[in-house]
Amino acid sequence: MPARTIPLYLLHPAPVEQHAKIISQRDLGEGRFAFVADRTVFYPASGGQPSDVGTVRTKDGSAEAAVERVTFACDAVEHLASSIRGSFTQEGDIVMSVDRDRRMLHSRLHSAGELLCSAVRKLGHDWHVSGASHYPQQSRIVYDVALLEDQRQRLHDDLNVEVDRLLRQNDQVRIAEVTDRAEATRLIGFVPDYVPAGEPVRIVFISDGLGRPCCGTHVEETREIGRIVIRKIRSKKNQTSISYDITP
Ligand SMILES: [Zn+2]
């Protein structure tokens, strides 16, 4: 196994097509196989964002496979693929293509979630985010706070107004990588203690001077998100979950 796959999906905007070289692969039977390449444009399922899907083909076009799921294998990124035709060889030059529509949907949902966090903060709440999902039909941000029913209703009303106001601004989405801990803390507003020391903290800024630690893919400007619909705000055991969806 290689030490590292270069994570091209962390570039902003994240590319959807790129040449790469296969550095290891294993046969899973019935035309299915797993491979690691020296670099990848495929987003591995993590941080509440689903895996990219797409296709991979040899540079000479002799083989093609569907990439069905992408996961982390230590510092490498492993692609689970299903052969369409031909076969792939070790050290082979390949062309990776991410399904653009799926990627765009995932980026819109993730950017919507981060914009929602900005809206909550702009309403004056400095609650801590304890969880997030940006999966289609399951998107939500979870805060470490318990709210009463009338507080949830007021938050729902206020958020609708604030989210629409932020979307109308059509802000650029900005991403920074910061290694200095003090600087990262200043930019985020808290200490991101789950990022190993010495590793850069990737910070996304969406419609807010304060950023959020994030390893997702994002739209370039918030107009691309479309509309954000706050579906439900629920409180349970000192946690409040804000579920949301997006429309074109
Ligand atoms: Zn994020």
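Helix H3, residues 181–188, lies across strands S11, S12 and S13. The helix runs at about 25 degrees to S12. This is a predicted model.

The three strands under discussion form an open sheet in the order S11-S12-S13, with antiparallel pairing. S11 (174–178) and S13 (212–213) stand at the edges. Each has a single partner strand, so one side of each is left without a neighbour in the sheet. Strands of a sheet pair through backbone hydrogen bonds, either parallel or antiparallel. Here S11 and S12 (residues 201–205) run antiparallel and are joined by five bridges. Val178 stands opposite Val201 of S12.

Next comes a hairpin. Strand S14 (residues 227–236) and strand S15 (residues 239–247) run antiparallel, with nine bridges between them. Val229 has Asp245 in S15 as its bridge partner. Two residues lie between the strands of this hairpin, where Lys237 takes a positive phi near 50 degrees.

The largest nonpolar core has 29 residues. Those with the most contacts inside it are Ala112, Leu115, Leu116, Ala119, Ile141, Val163 and Ile228. Several elements give two or more residues to this core: helix H1 (100–122), strand S10 (140–143), helix H2 (149–169), S11, S12, S14 and S15. H1 gives the most, with seven residues.

What does Ile141 touch? Leaving aside residues up to four places away in sequence, Ile141 touches Gly113, Leu116, Cys117, Val129, Ala132 and Ile242.

Terms used. Residues are numbered from 1 along each chain as its sequence is written. This is a predicted model: local features need pLDDT of at least 70, side-chain atom pairs count only at pLDDT 80 or more; totals for chains, interfaces and linings use all residues. Two strands pair if DSSP finds at least two bridges between them. Helices (H or I, at least four residues) and strands (E, at least two) are DSSP runs, numbered from the N terminus. Two residues are in contact if their C-beta atoms, placed from the backbone, lie within 7 Å. Axes are lines fitted to C-alpha atoms, for helices over the stretch in contact, and angles run from 0 to 180 degrees between N-to-C directions. A nonpolar core is a set of buried Ala, Val, Leu, Ile, Met, Phe, Trp, Tyr and Cys residues joined through C-beta atoms within 7 Å. A residue is buried if 20 or more other C-beta atoms lie within 10 Å of its own, exposed if 12 or fewer, and partly exposed in between; C-beta atoms are placed from the backbone.
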